[in-house]
Amino acid sequence: GDAGAGGPNQVALVIATMIAVFIGWRRGHDIEALGKAAADSVSTGIGAIFILFAVGALIGTWALSGTLVAMVYYGLQLLSPNYFYLTACAISAIVAFSIGSSWTVVGTIGVGFMGIAVSMEMNPAIAAGAIISGAYFGDKSSPLSDSANLSAAAAGVPLYTHIRETLITSIASLAISLTVFFFLGQPGDFDSTEKMAAIQNAFGVTPWMFAPLVIVIGLALFKFPPFTSIFLGAIAGGILAVLVAPDRVLRFADAPDVPTALAMLKGVWRALASGYTSTSGFQPMDDLASRGGMDSMLNTIWLIVTALAFGGVVEKAGVLDRLITPIINKAKSDGALVLSLVSSIIATNIITADQYIAIVLPGRMFKGAFEKRGLAPVVLSRAVGDAATPTSALIPWNSCGAYMAATLGVATWSYAPYAIF
């Protein structure tokens, strides 16, 4: 389940790495060479790790500045009683693409959408499927997404090249999703005026709160390095918080004995490092705005480091060759090789119960085979991203599937038929 990402999977990978080291040593490999293979493998994920830190910092300052709340506030204006499922999917997709996290979307506006669905007597399984379908569009195709960054890193592809290719399949699947949810919609009445008034009273939402989002998108369009774009967006969120909500920053800093300027700096610094905790009194939005921080990414980074180390040792020891050679030999065409990769990814998601392992290990296992066939690395990264990221939400014991079910209150097998990726 979800708790597996908090330590058990990492410990299992460390133990598996030691076993792989023993196998490699028995097969004549030097211990130091195996250690170097692990270190070299981990080094390939350093870029993704720094981007993860930047994403955590960004979420923290965007929560502090009110940018996340503003997304929900203006998103609610798009709600239509007749097209609720379609709207839920579309808003989830927009917000997920903006922040790069399906878990954040599901845990914030997703919970709100589920409450609205219940009050409107709509099908909760369809509502959950619509939210997840939209959320995973962003998770697959946003340059802020940790899984997108990891997919690109695993295949050795520049991030924006990977994003450009992934958007082709992601937009197509989103269009199909929106069409399906349009026809699944049903008439009904819902007035969001009261909720919007409560948000405005608690947070004082203005269009200026979208400034950090505009900065990140602008930098991305000019093809600034992902870490630079994201971290500057995080800094912009902190500056915006000081300008539009200084009282909120001072309350969060909780430093009455220091000068105001230092207290402001402390508040922004805390949001960058450990995330923001909202205490506005409006619980739905407090839940949305209490999140982020670099340290929120440590479990994911821990998992990535151990998975990469395991993959490096297994590859050096020659275990991967013995595993994938029969599969490659049976794959007589490029299409069969891609299908074998997708099958391996799904199997890894089922067995290891974590999407990051399903991205890293098959990506490393098939990289050499794709190179020998003359297939572009972006074909590998796109297949890894399209297969590993969304299918993780369809497996009940996978960390993603367990999280989605627990957060939305709908069993995995119930929403799975409506999760259209």
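Colleague: Which residue forms a salt bridge with D40?

Modeller: First, a caution: this is a predicted model, in which local features need pLDDT of at least 70 and side-chain atom pairs count only at pLDDT 80 or more, while totals for chains, interfaces and linings use all residues. Residues are numbered from 1 along each chain as its sequence is written, and side-chain values use heavy atoms, with hydrogens and water left out. A salt bridge here is a side-chain nitrogen of Lys or Arg within 4 Å of a carboxyl oxygen of Asp or Glu. D40 pairs up with K36, and their closest N and O atoms are 2.8 Å apart.

Colleague: How many residues apart are D40 and K36 in helix α2?

Modeller: General idea: an α-helix has 3.6 residues a turn, so residues three or four places apart point the same way. Helices are DSSP runs (H or I, at least four residues), numbered from the N terminus. D40 and K36 sit 4 residues apart in α2 (residues 31-43), so about one helical turn separates them.

Colleague: And is K36 buried or exposed?

Modeller: Buried means under 20% relative accessible area, exposed over 50%, partly exposed in between (1.4 Å probe, protein chains only). K36 is exposed at 52%, and D40 is partly exposed at 38%.

Colleague: How many salt bridges does a search of the whole structure find?

Modeller: It turns up 4. One of them joins D386 to K140, with the closest N and O atoms 3.9 Å apart. D386 lies in helix α20 (residues 377-391) and K140 in helix α7 (residues 124-141), so this pair ties together parts that are 246 residues apart in sequence. K140 is buried, at 5% relative accessible area.

Colleague: How many residues of α7 are buried?

Modeller: 17 of its 18, so α7 is largely enclosed by the rest of the structure.

Colleague: What about D334, which residue does its side chain meet in a salt bridge?

Modeller: R373, at 3.7 Å from N to O. That pair links distant parts of the chain, with D334 in helix α18 (residues 334-352) and R373 in helix α19 (residues 355-373), 39 residues apart. Both are partly exposed: D334 at 36% and R373 at 30%.

Colleague: Which side chain of opposite charge is nearest to R248?

Modeller: Lys and Arg count as positive, Asp and Glu as negative; His and the chain ends are not counted. For R248, the nearest is D286, 8.4 Å away, and R248 is buried yet has no salt bridge. R248 lies in helix α13 (residues 246-253).

Key. Helices (H or I, at least four residues) and strands (E, at least two) are DSSP runs, numbered from the N terminus.
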